[in-house]
Structure formats: structure tokens, C-alpha cells
Amino acid sequence: MKYLDEYRDAEGVRRIAAAIRRITTQPWMLMEVCGGQTHAIIKFGIDELLPPGVTLLHGPGCPVCVTPTGIIDQALAIASRPGVIFCSFGDMLRVPGTSRDLFSVKAAGGDVRMVYSPLDALALARQHPDREVVFFAVGFETTAPANAMSVFQAAREGLTNFSLLVSHVLVPPAMEALLASPDCRVQGFLAAGHVCAIAGCEPYIPLAEKYRVPIVVTGFEPIDVLRGIHQCILQLEEGRATCENAYERAVRRDGNPEAMAMVDDVFTVIDRTWRGMGRIPHSGLGLAPKYAAHDAAVKFGLGPDPGEPPSACISGLILQGLKKPHECPAFGTRCTPEKPLGATMVSNEGACSAYYRYRKS
Amino acid sequence: MNTCPIPLADYPVVTLAHGGGGSMMRRLIRDLFAATFGPDSLQSHQDSALLDLPPGRVAFTTDSFVVKPLFFPGGDIGSLAIHGTVNDLAMAGATPLYLSCAMILEEGLPMETLWRVAQSMKQAADAAGVQIVTGDTKVVDKGKGDGLFITTSGVGVLEFEGETGPGAIRPGDAILVNGDIARHGMAILAARAELALESPIDSDSTPLNHAVHALFDAGLDIHALRDATRGGVASAVIELARDSRHDLTLTEAAIPVREDTRGACELLGLDPLYVANEGRFVCFIHPDHAERALDLLRTHFPDTTPARIGTVTEGRTGRVTLTSPFGARRPLDLLSGEQLPRIC
């Protein structure tokens with residue numbers, strides 16, 4: 001298949017893996033930022049192809065995983081209200097809040113619908129003018145443009161029954177929070193290719209310089225991931241620390257300016273709480289004041305971001321690369337995809353789910 | 001094309017009276033179901049069908065169908081309800097003969113829809129060589145059903161000697177699949193989500209009994225059959241591995257997945273190995289007979305690519321391992337529920 005087979009080609013994979021072995025003279029700790037990369041690495045066994053001593057830490061780039069419990073609880077409260085159609089991407093439905101998940105709300109009679117795009121939710125708002133249609137807008141820079149577009153269109157059409165419950169987060173501030181932590185073990189980053197396709201490479205240039213850490217924009221197929229690792233280790237071995245793009249087929253240096261213009265119009269940068277990582281300044285997006293009529297938090301009087309209650313789940317340590325999933329005492333016992341303690345076990349992109357699915361035995 | 005025998009001007013939709021046991025229900029059964037399913041169907045006007053079965057052990061199975069949308073590329077709930085039960089009988093090594101058909105209709109279902117579904121069931125039954133001999137109809141209030149639910153049960157007779165099933169699986173067995181996988185699940189998902197695919201993916205829904213009959217008729221040493229419906233090919237082989245306590249390896253590169261199916265799976269973040277099929281089965285067979293079986297499968301499924309996808313190994317732990325194209329090995333396990341499409 002075009003754009004797929006050539007990046008999963010076994011011979012190509014072996015060639016880059018051999019090149020990585022040739023240039024590596026000492027142990028290195030790299031972090032892949034995106035959960036999609038984590039799954040590719042574990043599913044295809046890419047980490048097994050690396051020289052001993054090269055360790056991949058799994059980063060915070062899973063939108064489901066970093067959505068704080070407090071916001072999930074807000075989603076559950078809205079979805080339980082009569083007259084509301086609550087729309088969400090599929091993998092948010094099983095994420096536990098304090099006491100239950102969206103599937104349970106649906107089973108109890110709430111009108112919870114799985115959609116594939118915020119524009120599907122917008123269409124529901126048009127079809128049901130007598131109902132409040134709320135879309136759960138989670139994700140990184142990647143999903144922000146489509147979510148922004150839905151609000152922009154709703155405002156233009158005067159669809160006052162459409163709103164977003166926003167829990168958008170931004171990648172560079174989270175990477176900076178990791179780098180600034182005294183516990184940080186990360187020596188090089190594989191930045192998330194899809195995020196950079198929207199926001200570009202430029203936000204990472206000052207980070208690479210300030211913290212003396214190589215940052216390589218990386219894709220998601222086996223050959224993409226290995227190319228990112230190769231460029232990152234090459235920089236480390238040569239003592240360089242810059243931002244490089246190893247995913248040129250999807251990422252331009254300035255990203256997608258049209259998409260970013262839409263995001264800048266609809267959203268404004270705010271502080272956000274990340275599940276397991278706490279409050280990070282300027283790390284999220286909220287609706288700009290001029291779109292407050294489409295803000296579910298305002299419409300339903302929810303108040304500010306409620307923060308993160310204490311939990312038995314160590315996903316915070318996992319999302320910061322300080323622990324691996326199988327080092328958690330609850331992994332595979334008290335915490336499974338059927339009864340997850342935390343979001344990292346739920347999401348398709350969560351590190352715990354990847355380990356459970358591909359590495360359990 | 002025939003027209004619906006229930007005058008649409010009088011009854012354009014199903015009403016509660018159509019399930020009320022009175023003349024309207026009798027008319028629905030007589031003019032729509034009996035007229036469609038043929039003269040031998042619902043034949044006795046008694047409370048039970050009376051059947052003459054050839055000698056041999058009888059296989060008996062049942063399945064319910066709740067698919068949404070009712071019509072999708074490559075099939076509909078009617079053909080699915082026939083194929084599902086026919087295939088369950090075929091997987092037991094039985095020749096399917098007779099089916100029952102129970103329908104739960106939601107008040108307000110267009111009569112034309114019911115008529116199309118009934119016609120599709122008749123066509124599917126004819127293609128599979130089975131008869132619908134008894135049935136039931138209930139109507140539920142509007143909003144209490146999803147248009148139409150169908151339950152079919154079926155009986156068949158085992159013509160061939162020898163046990164098949166997990167207990168017959170042996171180390172060295174070849175594992176075959178009769179064609180490209182994951183098309184039914186992706187056809188439904190794409191139709192449901194109105195994904196704007198370049199060309200719609202058509203379901204693989206098809207009767208398997210003729211092909212299975214041909215395999216047995218050729219005297220091939222078949223050890224186990226399992227249709228790869230919900231949970232996909234992965235769940236089918238994992239269940240057989242667990243039940244037999246034999247270890248299996250599957251070769252990822254050998255598992256046929258059509259390009260458009262693979263593209264849709266990638267788009268939604270789904271693993272085709274776990275996506276549902278309605279016309280695919282895995283066959284565990286003596287390795288010396290694998291090539292002959294594949295040749296037979298190719299003649300029965302000319303539009304697709306039957307393939308050998310794996311082997312039963314010596315271990316007795318009941319584990320399934322998948323070998324990736326670059327040699328990495330990973331365990332395959334049952335998923336806890338349905339796969340959920342990802343965010344980005």
C-alpha cells in the first residue's frame with residue numbers, strides 16, 4: 001500500500017537497524033513523545049532491534065492518557081443530563097473518572113455517541129435543534145484544528161446548541177516540564193510527527209538549544225521511527241543538540257499555517273492540569289472569550305479545571321518516562337484493559353495498554 | 001423486480017397490529033414471509049415444522065443479528081442471518097438443512113424494508129441450499145428496537161466420519177484461512193461512520209457450507225474449523241489454541257488483507273486481525289493436505305486469496321505468537337471488548 005508498505009519494508013528496517021548499531025558507542029535514553037509511536041515500537045518490536053543500552057522511554061503524548069480525572073468527571077456529569085447528546089471519540093468512552101466511565105453513563109440512559117469527527121457532532125446539532133450537543137474536545141495540536149473548525153462553523157451558523165468540553169493540551173510545554181524536572185533521564189526526543197505537521201518544527205528549536213537535547217521530528221511507521229532514532233543517536237554521538245526533521249513527507253518547518261490560524265482564532269493558550277503530571281503553565285488551549293457561548297464549561301456552569309485527585313495509578317511516572325508499565329505492581333493484576341485504574345491502560349495509544357497487548361507474557 | 005405483496009398504500013410501515021395475533025399478522029406471515037420464502041417454507045400451519053432428516057448426528061445452532069445499518073455494501077441483515085447460522089453448522093462439519101427465523105420488528109419499520117430483507121434471506125437460503133421452515137414475528141413499540149432484529153436457528157446433519165474440534169488439533173497442523181480478512185467489520189464501520197472512502201469496502205458475508213463440504217468430500221484430514229466472526233481471525237485461533245492447549249504461530253506477512261481494508265483499518269487505528277468477518281474461517285489441517293485444501297478453497301472463493309497463515313507448534317501452553325515481517329515475535333491475546341477507533 002502506498003505510504004505504508006515502503007515504510008514497513010523488512011529489508012529497509014534491517015538496514016537502518018544495522019546503521020544504528022554501527023554509530024552507537026554508549027548507552028542512550030531516548031523518549032518517543034507520542035503514544036502512536038509507542039504502539040508502533042511495541043507492536044513491531046522495534047526496541048528489540050536496537051543495540052543494548054539504547055533505551056526508549058515512553059512519553060506523555062497520548063491525549064486520552066493525560067486528560068485529568070476532573071475533566072472526565074465533568075464529561076460524565078454533562079453526559080448524564082437529560083436533553084444532552086454527548087459526543088466523543090471512541091477511546092475516551094472507557095476512561096474511568098472518579099467512579100465510572102462514559103459507557104456506564106450510556107448504559108444508565110445517557111445519550112452518549114461515538115463520533116469520528118467534531119463535524120459529525122456539529123451535524124447532530126443541526127439535526128436536533130431542541131437538544132444540547134456537546135463534543136468532548138481532547139487531544140494535542142493534531143486534533144485542535146478540526147475542533148476549532150467545528151466551533152467556527154457553529155458560530156457562523158448560529159448553532160447555539162453546540163458546545164465543546166475542551167481539554168486540549170500542547171506538546172512543547174510538557175516536554176519543557178519534563179526537561180526542567182531534576183528526575184529527567186531523557187537525553188534525546190523523538191517529537192510527534194502528526195503534532196508537528198500542524199504546529200511545525202519551530203517550537204522545538206529553542207527547547208533543543210536551552211536544554212542541550214536533540215529533538216528529531218519522527219513519524220509512526222517502523223522505518224520512520226528507526227530513522228528518527230538514527231538521527232537522534234547520531235546527534236548525541238557527535239555532541240550536537242538541534243531540532244531536525246526526519247518526517248519530511250508530512251512535516252514542513254512552519255507546519256500548516258492555515259490550520260494554526262484557525263486554532264489561534266478559536267482557542268487561547270491557558271494553564272492545564274495533566275493527568276499524572278500536575279498543572280503545567282501555558283500547556284493547554286481553552287476557547288477564546290468570543291466563543292464562550294460554545295464553551296460547555298460556561299454553558300453548564302462547571303467552574304474551572306478541577307485538578308487531579310490522588311489515585312493508585314502510577315501513570316504520571318509512566319508518562320514522564322520514570323517507570324515502565326510492567327514495573328507497576330498493579331500491571332496486569334489489579335489493572336487490566338477490562339478494569340483499568342488509569343487511562344494509560346485504556347487508550348489505544350497508552351503505554352500500559354501497548355505492553356498489556358503485545359508484551360504480557 | 002417483484003413488488004411488496006403487502007399493499008403499501010394500506011400499510012406503509014409495520015404497526016403493533018402486525019404482531020397482535022390477529023388477521024393482520026396472519027396476512028403478514030402469509031403474504032410476505034410465506035410468499036417470499038417459498039411453498040415449502042412455514043409449510044404446515046402447525047405450531048412446529050415437521051422434518052425428515054437423513055441418518056447421522058444432528059447439529060443444532062442459533063444466532064441473533066442486530067446489525068446497524070440494516071443494509072451495507074455486500075449484504076444486509078437478512079443475508080447475514082442466513083450466512084451466520086449456515087456457517088456455524090458448517091463449522092461443526094454438518095450439512096445445513098433447515099432454518100427457523102424469528103423477527104422482532106420495531107413499530108414504524110417500513111414494510112418495503114422488511115420485504116427487501118425477506119427477499120435477501122430467500123436468496124441467501126437458496127444459495128446455501130437450506131430451507132426456512134418455521135418462524136415467529138413480534139412487534140415492539142417504536143423506540144424499543146433498532147428497526148429489525150433477527151434470530152435464526154438451524155439444524156444440519158453430519159455426513160462425514162471423524163471428529164473435528166480443538167481435541168483433534170495436532171502439532172505440525174497447517175492453519176489456513178479462506179480469503180482476505182476484516183472486510184465485513186470495516187464495511188459496517190465505514191457505512192456507519194459514513195467514511196468517505198474512495199470505493200466502499202464490501203462485506204465478505206457468504207455461505208461457507210459448500211466449500212467445507214468439498215473439503216470433507218475430498219477426504220482431507222481436517223482437524224478443526226472455526227468461523228472468524230466477532231473478534232476476527234485472531235480471536236478464532238486464540239480460542240482454538242486455548243481450548244486445545246497447543247501453541248500456534250501465525251506469520252503476519254502471510255495473512256491476506258485487501259489494500260482498501262488495510263487503509264481503512266489504519267485510518268481508524270484498528271488491527272485487521274481482530275475485525276469481524278462473516279464469510280471467513282480458519283481450518284486446521286494435516287500439513288500434507290494443506291495445498292490440496294488451498295486449491296479447493298481457491299475454486300470456491302475465486303474473488304479472494306485463500307492462504308496458509310500459520311502452524312501448530314510443539315508447545316502445550318495454548319499461546320499464539322505472531323511473527324512480524326522483520327522477525328519480531330509478539331503474543332496475540334483476546335481483546336477485552338470491541339476495538340475503539342482512536343483519536344488521532
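**Note on the predicted model: backbone, cavities and a helix pair**

1. B:A182 sits in the loop between β7 (174–177) and α4 (183–193) of chain B; helices (H or I, at least four residues) and strands (E, at least two) are DSSP runs, numbered from the N terminus. The phi of B:A182 is near 80°, a positive value in a residue other than glycine.

2. Conventions. This is a predicted model, in which local features need pLDDT of at least 70, side-chain atom pairs count only at pLDDT 80 or more, and totals for chains, interfaces and linings use all residues. Residues are numbered from 1 along each chain as its sequence is written, chains are lettered from A and ligands numbered from 1 in the order in which they are written, and side-chain values use heavy atoms, with hydrogens and water left out.

3. Chain B also has a cis peptide bond, between B:K68 and B:P69, with omega about 0°. B:P69 lies in the loop between β1 (58–65) and β2 (71–72) of that chain.

4. Searching the whole structure gives six cavities of 30 Å³ or more. A cavity is a set of points, on a 1 Å grid over the protein atoms alone, where a 1.4 Å probe fits but cannot get out; lining residues have an atom within 4 Å of a point. Grid points are joined across faces, edges and corners, and a volume is the space filled by probe spheres set on the points.

5. The largest cavity has a volume of about 80 Å³. Its lining includes A:C313, A:C328, A:C335 and A:C352, along with A:F331 and A:M345. By class, this lining has 10 nonpolar, two polar and no charged residues (Ala, Val, Leu, Ile, Met, Phe, Trp, Tyr, Cys and Pro count as nonpolar, Asp, Glu, Lys and Arg as charged, and the others, Gly among them, as polar).

6. For the second largest cavity the volume is about 60 Å³. Of its 12 lining residues, A:C34, A:G61, A:T142, A:A192 and A:V195 lie nearest its centre. The lining divides into eight nonpolar, three polar and one charged residues.

7. In chain A, helix α2 (residues 35–44) packs against helix α15 (residues 351–359) at an angle of about 15°, with the axes 9 Å apart; axes are lines fitted to C-alpha atoms, for helices over the stretch in contact, and angles run from 0 to 180 degrees between N-to-C directions. That angle makes α2(A) roughly parallel to α15(A) (angles under 35 degrees). The contact (heavy atoms within 4.5 Å) involves, among others, A:H39 and A:K43 of α2(A) and A:Y355 and A:R359 of α15(A). Its residues comprise six nonpolar, three polar and two charged.

Conventions: On a 1 Å grid over the protein atoms alone, a cavity is a set of points where a 1.4 Å probe fits but cannot get out, and a pocket is an open set with protein on both sides within 12 Å along at least five of seven lines; lining residues have an atom within 4 Å of a point. Angles under 35 degrees count as roughly parallel, over 145 as roughly antiparallel, 65 to 115 as roughly perpendicular and the rest as oblique.
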